[in-house]
Amino acid sequence: MPFASRLAHSLLRSAVRPGPAPRGLLSGPPQEPLGTGESIVGLTAIFISFLAPAAWLLSHLEDYKKRE
């Protein structure tokens, strides 16, 4: 069997053969609850990622107005 044919066969073998369905997200309570520190770090990261760009634009608004 030529190399290209063997390669195609090996690549397509998993696509042709049906296997178990991939598992999705599990619902229910977490196995290990988040601690207070982890919650604070996560909420701080979200807060900064949403408000930092807006704060940057508002603080430099006058600079943007001066450009011609």
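Let's start with the nonpolar surface patch. Leu43, Ile46, Phe47, Ile48, Phe50 and Leu51 make a patch of about 670 Å². To join a patch, a residue needs over 30% relative accessible area and no salt bridge; nonpolar side chains (Val, Leu, Ile, Met, Phe, Trp, Tyr) are joined within 5 Å, like charges within 9 Å. Areas come from the Shrake-Rupley method with a 1.4 Å probe, and for residues only the protein chains shown count as cover.

Take Phe50. It lies in helix H2. Is Phe50 buried or exposed? Phe50 counts as exposed because its relative accessibility is 63%. The cut-offs: buried is under 20% relative accessible area, exposed is over 50%, and partly exposed is in between.

A word on the model. This is a predicted model: local features need pLDDT of at least 70, side-chain atom pairs count only at pLDDT 80 or more, and totals for chains, interfaces and linings use all residues. Residues are numbered from 1 along each chain as its sequence is written, and side-chain values use heavy atoms, with hydrogens and water left out.

Confidence next. pLDDT is the predictor's confidence in each residue, from 0 to 100. The protein averages 81, and 82% of the residues score at least 70. Helix H2, residues 36-59, has the highest confidence, at a mean of 94. Helix H1, residues 3-16, has the lowest, at 70.

Now the overall layout. The protein has 3 helices and 0 strands. Both are DSSP runs, numbered from the N terminus: helices are H or I with at least four residues, strands are E with at least two. Of the 68 residues, 0% count as buried. The accessible surface is about 6,900 Å², and 68% of that belongs to carbon and sulfur atoms.

Over residues 39-58 the chain is 100% helix, with end C-alpha atoms 28 Å apart.

Last, the charges. How many salt bridges does a search of the whole structure find? It finds 1. The definition: a side-chain nitrogen of Lys or Arg within 4 Å of a carboxyl oxygen of Asp or Glu. Here Lys65 pairs with Glu62, closest N and O atoms 3.8 Å apart. These two are 3 residues apart in helix H3, residues 61-66, so about one helical turn separates them. Lys65 is exposed, at 57%. Glu62 is partly exposed, at 48%.

Notes:
Buried < 20%, exposed > 50% of the residue type's maximum accessible area, 1.4 Å probe, protein only.
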